[in-house]
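Please open the model in your viewer and keep a selection tool at hand. The tour begins at a single side chain and widens from there.

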Amino acid sequence: SNTVYYLTLQEFSAQKAKFAGQVVRVNGPLDQTSIQLDQKTMVLKFNLKDGDIIQPVVYKGVVPDTLTSGESVVAEGKLDAQGVFQANSILVKCPSKYEEGK
C-alpha cells in the first residue's frame, strides 16, 4: 500500500520497532544547535529533539532556506540499522509571520 504514517517524534520514538524499514513522516522540534551541512556533498545532519527524545536525521539534497529559522521539521524517510533517520524529503515549519494580533 502507499500509506505513509504521520507521527510525532514521541509517537515514533515509542514505536520504532513497528516502523523499522517502513517509510514514515516524523514531525518534531528542530534542535538548532545540531545542524551540520557539508556543502560539497549536500549532506545535512540535524536532530529532532523533544524533551529527552533525540532523533538524529540525515538528509541529502537541497536544503530549505528556512532551516535556520525553523521551529520544527517534518522528515519523510526510514530509520536505518544504526538508529539514524534517513530522510528523502524534509519540510521546515517556521513561526507564522501572520499570527493574529501582530
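Which backbone oxygen lies 2.7 Å from a polar atom of the side chain of Ser-34? Select Asp-31 together with Ser-34: the oxygen belongs to the backbone of Asp-31. The model is a predicted one, in which local features need pLDDT of at least 70 and side-chain atom pairs count only at pLDDT 80 or more, whereas totals for chains, interfaces and linings use all residues. Residues are numbered from 1 along each chain as its sequence is written, and side-chain values use heavy atoms, with hydrogens and water left out.

Stay on Ser-34, which sits in strand E2 (residues 24-38); helices (H or I, at least four residues) and strands (E, at least two) are DSSP runs numbered from the N terminus. Ser-34 has a relative accessible area of 12% and is therefore buried, a term that means under 20% relative accessible area with a 1.4 Å probe, protein chains only. Leaving aside residues up to four places away in sequence, Ser-34 touches Lys-45, Phe-46 and Asn-47, where contact means heavy atoms within 4.5 Å.

Next, select the whole of E2 and look at its partners, bearing in mind that two strands pair if DSSP finds at least two bridges between them. Strand E1 (residues 5-8) runs parallel to E2 and is joined to it by 4 bridges, with Tyr-5 opposite Val-24. Strand E5 (residues 72-79) is antiparallel to E2 and joined by 6 bridges; here Gly-77 is the bridge partner of Val-24. Strand E3 (residues 43-50), also antiparallel to E2, is joined by 5 bridges, and Leu-37 has Leu-44 as its bridge partner there. In the hairpin of E2 and E3, with 4 residues between the strands, pick out Met-42, which takes a positive phi near 60°.

Now show Phe-12, Phe-46, Phe-85 and Ile-90, the residues with the most contacts inside the largest nonpolar core, which has 21 residues. Such a core is a set of buried Ala, Val, Leu, Ile, Met, Phe, Trp, Tyr and Cys residues joined through side-chain atoms within 4.5 Å. Helix H1 (9-14), E2, E3, strand E4 (53-60), E5 and strand E6 (85-93) each supply at least two residues of this core, and E6 gives the most, with 4 residues. Centre on Phe-85, whose contacts beyond four places in sequence include Phe-12, Val-24, Val-26 and Gly-77.

Finally, zoom out to the protein, which has 1 helix and 6 strands, and in which buried residues make up 34% of the 102 residues.

Conventions:
Buried means under 20% relative accessible area, exposed over 50%, partly exposed in between (1.4 Å probe, protein chains only). A polar contact is a pair of N or O atoms within 3.5 Å; within protein, one must be able to donate a hydrogen and the other to accept it, and residues adjacent in sequence count only if both atoms are side-chain atoms.
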